[in-house]
Each structure stands twice: as C-alpha cells, then as structure tokens.
Amino acid sequence: MKKRFSLLMILAITAISYSQNPFIKHKFTADPSARVFDGRLYVYTSHDRDDAKYFDMLDWACFSTTNMVDWTDHGAIFSLKDIKWADKWAWAPDAVKRNGKYYFYYPVERKKIGVAVANTATGPFKDVVGKPLVDGVAESFAGAEPIDPAILLDDDGQAYMYFGCREARVVKLKDNMIELDGPLHEVIILDKQGKRLLWKEKKKTEPNLQINHGGDGVYGEGPWMFKRNGLYYYLYSNGWSKDATMVYATSQNPMGPFVYQGKVMKSVSSGTSHGSVIEYKGKWYVFYHTQDLSGNGFKRSICVDRLFFNEKGEIIPVAPTRKGVQRIQ
Ligand code: FUB
C-alpha cells in the first residue's frame, strides 16, 4: 500500500513538472514547430548545445505527446552529419506530412534552406535532394539571411514555404515538396493605415513606406503560418530588442499582403522569440522558447501555453507561464 502510494506520488510530481514551463528540461531546445500527425502532437526543435557560445547547433530534436503532459524524446532526428553541402548552424526547422511521407525543412549556415525526407515523423530523415532548396549565396533576393522555414499546406493542396530574417520571403512548393514552384516573393506587411512595415528603407523612392528598425509589426525572423476560419495568420518575431516578441498579421491570401494586428504574446526572457501556434484536440496552443532555465540566450528551452481568440478572431496576447508555475492545461 505504502509502495503504491509512493509510486502515485512520483507519477503526480512528474505530471506537474511536465505541465510547467519549460516542459523539456533535460536538454536545451529552441524554435519549436508543433505539428499534428495522425492524432499525435510532434514538436520539432533546434537543439542548443550544453556548451554553446553561439547558435552553433549540430542537430535537430523532436518530442511528441498525446496529452500535453507526457513527452517522448525522439533524440536527434537529423544532423549536420547527414548533409553533404553544409557543416554548421543547425537552426529553426519545420516538418510536414504529405502523401504518406514526412518532409523536414531546415536552415543551415545562416544562408541556406534544405529539405530531408522520411517514412515516419521521427525519421530517419535523408537529404534526398543533395543541395539546398533556397541558396542565399546564389540568389541575393533570398535576403541576407534566408533562415527559419515554415510550411503551410493549404486546403487546396498548394504548399508554401515562408522564411527569412529581416527580409520576409515566401515561395510555393511543388506537390513533391522537395522543389520550389516558381520564384521567391517578398511577404508584404502593412499597418492598418496601409503603410508598409519594413525593417529598413530599401528603395528611397518607394511611397507609403514606414521605416522601422524592429518593434511593432516590423518583420524580424521566425515566421509561422496557420489558417483559422478562412483567415491566414502570419506570425513572426518583431526583432531582438528587450521588448521584442512574437506578433502577427493577417490576410485572406496566403501570399499576402498581410495587415499587422498585434502581439501574440508578451516578451520572453531570451533575446530571440520564435514559436508556433497549433490546434490540438480542440484547444489552441502557442509554443515558444525562453532562457528561464539557463539564463543564457544560447541555451534555450521550449515552453507551451494555451492560446485564445476573441469573437472577432483576434489573438488575445498570452502572458507566458513563468518557470515553476503550473500552466493552464
Ligand atoms: O535558433 C537559431 C536562431 O535563433 C533561429 O533560426 C532564429 O529564429 C532564432 O530563434
């Protein structure tokens, strides 16, 4: 009886700790992209090193759950060692399932985006293309830092890949998910008065331009796209200042233009803000990272909180649940 009671206590304590933030504590993880495949929720992440001095990550991680409390660690699902054409900086990934295959999109070297393919959600993933999908060295329009791919698989079957740092880009993907379908496009974000929000002025002659160096609705990095009630929600980080955070803009068209709406959440402890929003079992969640556990911006940890919309479909900004506090399930 005593033994059974102790076991129950251990199980209860484990459940509490995993319903607190960060919910993964045994390794450092960042840039969570949450996806639901066949009823199970998977989170694909960057894997910050224990001895990190920079964002010098070597591989990518994946965790999954069916109850938002018990998480399975699937280990390193893909690594720089699996890529012939890149050897540094394994940054923010995303994954989608199509036609029974899983496609894993990843940025490397701050300049290139690749795709790897697997038969299961957790790999092993293979670099079947053998070269980047987007190559910022070869194509200047990709922007100075083509990073942070995020995929939308729309209801009509068209897939889109959003990416970029300071310069927001989108490109259609072919049905095979491993080739681009047409040219790269700029993602245009407007304020509610119709003025463009840009990181910096690119063309001095362009009318209607609101110059801004981050903050408010200006695009920094970390895009994410989801569709709700026919409306496209384009999420991104608005930079790296102390009050920078995840914000969003909306459009009736996945290619934009998007109109800036406001914050997704209040600022977090890390200098970078990057996350995803997903509906799972009828509840909406925002995944993000903080440096609450390490106090070091290169050693981040993934967190999750419930997300709510008002009756107009606007996101009610989330106050991130701080370390050690029980989060709302
Ligand atoms: O994790 C490395 C980089 O930090 C990501 O690519 C950015 O979005 C930022 O979170």
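Residues are numbered from 1 along each chain as its sequence is written, and side-chain values use heavy atoms, with hydrogens and water left out. Because the model is predicted, local features need pLDDT of at least 70 and side-chain atom pairs count only at pLDDT 80 or more, whereas totals for chains, interfaces and linings use all residues.

The largest nonpolar core comprises 26 residues. A core of this kind is a set of buried Ala, Val, Leu, Ile, Met, Phe, Trp, Tyr and Cys residues joined through side-chain atoms within 4.5 Å; buried denotes under 20% relative accessible area, exposed over 50%, and partly exposed the range in between, with a 1.4 Å probe and protein chains only. The residues with the most contacts inside this core are Tyr-44, Trp-60, Ile-83, Phe-104 and Tyr-106. At least two residues of the core come from each of strands E2 (40-48), E3 (59-65), E4 (72-79), E6 (101-108) and E7 (112-118), and E6 gives the most, with four residues. Strands (E, at least two residues) and helices (H or I, at least four) are DSSP runs numbered from the N terminus. In soluble globular proteins, nonpolar side chains tend to be buried together.

Ile-83 is in contact (heavy atoms within 4.5 Å) with Trp-60, Phe-78, Tyr-106, Val-108 and Asp-127, when its neighbours within four places in sequence are left aside. Trp-60 is also among the contacts of Ser-79, together with Leu-58 and Asp-59, under the exclusion of neighbours within four places in sequence. Ser-79 belongs to strand E4 and is buried, its relative accessible area being 14%. The side chain of Ser-79 reaches the backbone nitrogen of Lys-81 at 2.9 Å. Between Ser-79 and Pro-146, which are 67 residues apart along the chain, the C-alpha separation is 19 Å.

For Arg-300, the distance from a side-chain N or O atom to an oxygen atom of the ligand is 2.7 Å. Taken alone, the ligand exposes 270 Å², of which the protein buries 99%; accessible areas come from the Shrake-Rupley method with a 1.4 Å probe, and for residues only the protein chains shown count as cover.

Within the shell, Thr-272 is located in the loop between strand E19 (258-263) and strand E20 (276-280). Thr-272 is buried, with a relative accessible area of 11%. Its side chain makes a polar contact with the side chain of His-289 at 2.8 Å. A polar contact is a pair of N or O atoms within 3.5 Å; within protein, one must be able to donate a hydrogen and the other to accept it, and residues adjacent in sequence count only if both atoms are side-chain atoms. Apart from neighbours within four places in sequence, Thr-272 is in contact with Phe-55, Glu-221, Trp-240, His-289 and Arg-300.

Phe-55 is also touched by Phe-298, as are Asp-48, Ala-52, Lys-53 and Tyr-54, not counting residues up to four places away in sequence. Phe-298 occupies the loop between strand E21 (283-290) and strand E22 (301-306) and is partly exposed, at 25% relative accessible area.

Several loops carry backbone features. A cis peptide bond joins Asn-21 and Pro-22, with omega about -10°; Pro-22 lies between helix H1 (2-18) and strand E1 (28-37). Another cis peptide bond joins Gly-256 and Pro-257, with omega about 0°, and Pro-257 is found in the loop between strand E18 (246-251) and E19. Positive phi values in residues other than glycine occur at Met-68, near 65°, and at Glu-109, near 55°. Met-68 is placed in the loop between E3 and E4 and is buried at 3% relative accessible area. Glu-109, in the loop between E6 and E7, counts as buried at 17% relative accessibility.
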